[in-house]
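I opened the model today to look up a few local features. My notes are below, in the order I made them.

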Amino acid sequence: MGSLFRSAEMTLCQLFLQSEAAYACVSELGELGLVQFRDLNPDVNVFQRKFVNEVRRCDEMERKLRYLEKEIKKDGIPMLDTGENPEAPQPREMIDLEATFEKLENELREVNQNAEALKRNFLELTELKQILRKTQVFFDEHEGGTNPTESMTRALINEDSIARQSGSVQLGFPEKNYDPEEYYPCFVAGVILRERIPAFERMLWRACRGNVFLRQAEIETPLEDPSTGDQVYKSVFIIFFQGDQLKTRVKKICEGFRATLYPCPEAPADRREMAMGVMTRIEDLNTVLGQTQDHRHRVLVAAAKNIKNWFVKVRKIKAIYHTLNLFNLDVTQKCLIAECWVPVLDLENIQLALRRGTERSGSSVPPILNRMDTPEDPPTYNHTNKFTSAFQALYDSYGIASYREMNPTPYTIITFPFLFAIMFGDFGHGALMAVFGAWMVLKEKPLAAKKSDNEIWNIFFGGRYIILLMGLFSMYTGLIYNDVFSKSVNIFGSSWKVSNLTLKYVESITTDHMLDPATDDYVQYSYPFGLDPVWQLSKNKIIFLNSFKMKLSIIIGIIHMLFGVAISYFKNVNFNNHLNIICEFIPQVIFLTFLFFYMVLLMFIKWFMYYPTNEPTEIVYGTRCAPSILITFINMVLNKRTPYEPICETSNMYAGQEGIQKFLFFAAFLCVPWMLLAKPIMINRARKAAALHNTNHNQLHSATENGDAEQPMHNNTSQTPVVTQGGGGGHDEEPMSEIYIHQGIHTIEYVLGSISHTASYLRLWALSLAHAQLSEVLWQMVLNKGLTVEGWAGGVALYIIFAIWGSLTISILVLMEGLSAFLHTLRLHWVEFCSKFYSGAGYAFQPFSFEIILESASQAKEE
Amino acid sequence: MAICGPKLSLCGLIISAWGIIQLALMGVFYWIEAVALAEDIPEIGEYHSLSDFYSKMTNGYQQNAINCWIAALLYLITMALSAHQFWLNNRSSLSV
């Protein structure tokens, strides 16, 4: 198993595969997922490659499957996802698959077409039914309901005659002394979309100059449009007119408005008969439609059982042929040549997979895996598991580590939650976070199986181990800060006692009491673990906490940075880069230690030497004479004396402090030109020496040329690995001026960086202060209001206010503050920590793996 | 009968679990008269003597302890309701 401290050792391999065995071998490698193939014919067009045909067939199969899937989803049939992972089928199975899909697709298309035709038929019949029913109403109205048996034409004529005769009321049958044909009005009946009615009416009126008579009625139930499947509302209309000219005009208008016209017999008896016929036909159609639907459902249910499986198979085949397209064809066409990056530790596994592939294909010639030397930088591959992958992702998103570079991930597993917890220190909030993280970790498998496409949830779930650790560490720092939702707990008994407090004094003070450790209030031994709970109620809490937390964050920050510099030592040792150790690592350590780590030491000296006292004899070690670390440090750099009060006798913490400080400062100062110049000068000298050596050698070489031919050959091969070994520096071809500029930038970055980065670690204090204050304010402004309600109503008030306080705590303190603390921690790791050693100039190892391909395919589908 | 949706019932479940634990503990702390919670009891206006002040403080502490337990009890009811709703929602989503 590879270690996480460095990326895995990779090697470039050449792979010779027999044409028949290539497919099976690549399939086995895809299951393994440890090989990254290189494109050996990058200048060949995608359409000119060898297996284009197969890829196309796969595409076609995928299209059919997508069509099937769409139909299945339309019917709401659940797709069986057993999560099983079928092996890539043999190439000959592909034909079977193709045939199956073809058959299924055709069947489905046919069924769909039939269903559509049937539905159209059904729609027409329903419309006709509606027309017959509605027109009946029109006729009935016209006849005033008195004579239901009379035909409507007659009734209309009746009306006409009424109009002509002006007044004489005539019900029933008119006299038969005129030819009905003469007055016989024509009519058309049809169905039109309801929203078109007003325009249709106006158009009719205008085009026919008011000579037509339109009646319409709405169909209450919506009808289904067979082509789109939408529910549409329609109206029945009937138009009366006289003469052929009007008839053509009316028909044209109907056509223009996409109205469907239906024949409607005049005689009521005919109509009734027709209605009966229509009804029976609808009945028949319904049964046929039901059968069609059943058939379609059966086909889809059968397909739904296998569709996921088929998708996996087709995608695997496609991936294999895509990969085969990257290979080179041997001249004899008998074998395929591939080049691939392979982790050295997994060579055995790959050999085994290849052997399995050969056996499966029944080929006799084993594939040949050949290690090659290359000057190229191999890809970076870190063996991660579910726990470390989230931490690795934090650095991968900053920059993929260079090949075989020190990987900061293992240390980050501890430092990241710890720095986070310093900013997020509250036992209650930490516990909430830890419970959430623990729940995700414990329910890992069912939650992972759900495959939610909620992006925020996926981020949380991906970082579940980080969240759990952050929560646990925050609980620890919360105990140190003695904060539980901003309240302190007194577990071991406070180290402060009440003395000399009179009733008068207590009544006179309006705010909190100031704690002075120099008085008898302090029992002279400290609270055993973390912060004394009494500070919560004191007036000088913030002053005390600020000084404590600021020092703490600087101490932790400088240790963190020193650790980063130390990692750079191991990186250089690994790359055999002694120049970097002498010219960069040593002065860097000296600079950081002599200036900043010295400041940390001063803090500890101050903590150990000075104590609160009011005794005049011990005033030198009292709070009054304790020197300020910041002033001391500034004066050390400015080379000035620190002023002090006469009673304190000295501004020094220990004897000889000034001399030592001067030495430290000048030593650190000397490191700057050392960092700036030493490396370029050394490189320059080495180059000159090499040039001299080369000319000497060439002379020697020319002298012995006719003697021994093997000598130069041997020399060449022995020199190349040296060049590649020094690849860590990569200064081999750079001109000197660029090396100087590069080193200048590097030095300035480091020197200024160590100052600004030290200050940057103060964010640990700032955010922790902000968090503590915010949670205190929330308690005071919200929960306190519920707790101070008098009497029994307080219980109910508390019930409501607790819910408000709880949701505010989650949303503001845990989510928002947690996010901000997370981002600041990330920044401290990326900028302050990584800048000391991390080059991050590599590229990621992207193995050919079915797992990754299937994952990305299913994600792309859901989007 | 499902009144709340799945999300609301889950939310009620979580907050009532939290409420029961925290409020029960706070009730205990009030009962033992924790100094840290001295600011979180109803204000005492007038008092005649020191013993009167102490007795009023004790009263306030005890009242608040009981109030906390009442609220915890209310959350227990809320939890039972939400759990029932949650169960109903889960069952109905399974049956569909």
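**Entry 1: what I am working with.** This is a predicted model. I kept that in mind throughout.

**Entry 2: cavities.** I asked how many cavities of 30 Å³ or more the structure holds. There are two. I counted 14 residues in its lining, and the closest to its centre are Tyr481(A), Asp483(A), Ser488(A), Leu531(A) and Lys541(A). Which helix gives the largest share of this lining? I found it to be helix H17 of chain A, residues 541-574, with three residues. By class, the lining of the largest cavity splits into six nonpolar, four polar and four charged residues.

**Entry 3: the second cavity.** The second largest cavity comes to about 50 Å³. I listed its lining as Leu479(A), Asn482(A), Val489(A), Ile491(A), Phe492(A), Tyr527(A) and Phe529(A). Six of these lining residues are nonpolar and one is polar. None is charged.

**Entry 4: positive phi.** I then went to the loop between helix H15 (464-481) and helix H16 (503-508) of chain A, where Phe485(A) sits. Phe485(A) has a phi near 50°, a positive value in a residue other than glycine. Ser486(A) lies in the loop between H15 and H16 too. Its phi is near 75°, again positive and again not in a glycine. Are these residues buried or exposed? Phe485(A) has 9% relative accessibility, so I count it as buried. Ser486(A) has 3%, so it is buried as well. The cut-off for buried is under 20%.

Entry 5: Ser364(A) is in the loop between helix H9 (347-361) and strand E11 (368-372) of chain A. How far is Ser364(A) from Gln18(A), in sequence and in space? The two are 346 residues apart in sequence, yet their C-alpha atoms are 9.2 Å apart. Ser364(A) counts as exposed because its relative accessibility is 69%, and the cut-off is over 50%.

**Entry 6: surface patch on chain B.** I noted a nonpolar surface patch of about 670 Å². Its members are Ile21(B), Leu25(B), Val28(B), Phe29(B), Trp31(B), Ile32(B) and Trp69(B). Helix H1 of chain B, residues 6-31, supplies the largest share of the patch, five residues. I checked Val28(B), which lies in helix H1 of chain B. Val28(B) has a relative accessible area of 39%, so I logged it as partly exposed.

Notes
Residues are numbered from 1 along each chain as its sequence is written. Chains are lettered from A and ligands numbered from 1 in the order in which they are written. This is a predicted model: local features need pLDDT of at least 70, side-chain atom pairs count only at pLDDT 80 or more; totals for chains, interfaces and linings use all residues. Side-chain values use heavy atoms; hydrogens and water are left out. Helices (H or I, at least four residues) and strands (E, at least two) are DSSP runs, numbered from the N terminus. Buried means under 20% relative accessible area, exposed over 50%, partly exposed in between (1.4 Å probe, protein chains only). Patches are made of residues with over 30% relative accessible area and no salt bridge: like charges are joined within 9 Å, nonpolar side chains (Val, Leu, Ile, Met, Phe, Trp, Tyr) within 5 Å. Accessible areas come from the Shrake-Rupley method with a 1.4 Å probe; for residues, only the protein chains shown count as cover. A salt bridge is a side-chain nitrogen of Lys or Arg within 4 Å of a carboxyl oxygen of Asp or Glu. On a 1 Å grid over the protein atoms alone, a cavity is a set of points where a 1.4 Å probe fits but cannot get out, and a pocket is an open set with protein on both sides within 12 Å along at least five of seven lines; lining residues have an atom within 4 Å of a point. Grid points are joined across faces, edges and corners, and a volume is the space filled by probe spheres set on the points. Ala, Val, Leu, Ile, Met, Phe, Trp, Tyr, Cys and Pro count as nonpolar, Asp, Glu, Lys and Arg as charged, and the others, Gly among them, as polar.
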